[in-house]
Amino acid sequence: DKPAPYSFVVCTGAQRGKLHCFVCDAGDKPFVAFFAREPSPALGTLARRCEDAARQAKGAEAKGWVTFLKPDQLAFDATARRFATEHNLAAFSVGVFEDVVGPPDYKIAADAAITVVIASGAKVRSTFAFTDGSPGTWELDEIVKAWYATLAPGAPK
């Protein structure tokens, strides 16, 4: 239940171009990590909504990031940066873990297009996985609701 550290090459933000572990940075603070094989509008919408919630939860010091699972970060860098720009992700970094399987300790399903991990207090609180890459409105709302609950008591109602 403890989120395992993993490093990936960051494509956006202050750590751009570096191998970095955001799990290590988060420590006991709340975080939401998105693992995806391809960019999608649903992923962008979800990441944007979670970033907005983190910003509204003053004092929570919440973190979030999107990790694309690709064999070659350099080849995917422009796509990752374009995804971040299109979805106005400023506080959440976007990067590439250079293995399509993902970090071993996360055991991401081979058919999962998007996997979401929400953690706080160095403990995984919720996980969600979608095979088609297009969670519907209800699923997006449920994930954001779980994220708000993790951000409490600073989260808006």
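## A predicted chain, from single residues to the whole

Thr-45 sits in helix H2, which covers residues 41-56. Residues are numbered from 1 along each chain as its sequence is written. Helices (H or I, at least four residues) and strands (E, at least two) are DSSP runs, numbered from the N terminus.

**Thr-45.** Buried means under 20% relative accessible area, exposed means over 50%, and partly exposed lies in between (1.4 Å probe, protein chains only). Leaving out residues up to four places away in sequence, Thr-45 touches His-87 and Leu-140. A contact means heavy atoms within 4.5 Å. Asn-88 is 43 residues from Thr-45 in sequence, and their C-alpha atoms are 9.6 Å apart in space.

**The whole chain.** The chain has four helices and seven strands. From the N terminus on, they run β-β-α-β-α-β-α-β-β-β-α. The radius of gyration is 14 Å, close to the 15 Å that the globule rule gives for 157 residues, so the chain is as compact as a globular protein of that length. That radius is taken over C-alpha atoms, and the globule rule is 2.2 Å times the number of residues to the power 0.38. The C-alpha trace spans about 40 × 30 × 30 Å along its principal axes. Buried residues make up 51% of the 157 residues. Take the contacts between residues at least 6 apart in sequence: 72% of them join residues at least 24 apart.

**Aromatic rings.** How many aromatic pairs does a search of the whole structure find? It finds 10. Rings of Phe, Tyr and Trp (its six-membered ring) pair if their centres lie within 6.5 Å; planes under 30 degrees apart count as stacked, over 60 as edge-to-face and the rest as tilted. The rings of Phe-8 and Phe-22 have centres 5.6 Å apart and planes at 40°, so this pair is tilted. Phe-8 lies in strand E1 (residues 8-10) and Phe-22 in helix H1 (residues 22-26), so the pair ties together parts that are 14 residues apart in sequence. Both Phe-8 and Phe-22 are buried. Ring pairs also build a cluster, with Tyr-6, Phe-8, Phe-22, Phe-31, Phe-35, Trp-65, Phe-97 and Tyr-106 in it.

**Val-94.** This residue belongs to strand E5 (residues 93-97). Val-94 is buried, at 0% relative accessibility. Beyond its neighbours within four places in sequence, Val-94 has contacts that include Phe-8, Val-10, Phe-68 and Leu-89. Arg-37 is 57 residues from Val-94 in sequence, and 13 Å away in space, C-alpha to C-alpha.

How values were computed. Predicted model: local features only at pLDDT ≥ 70, side-chain atom pairs only at ≥ 80, totals over all residues. Heavy atoms only, no water.
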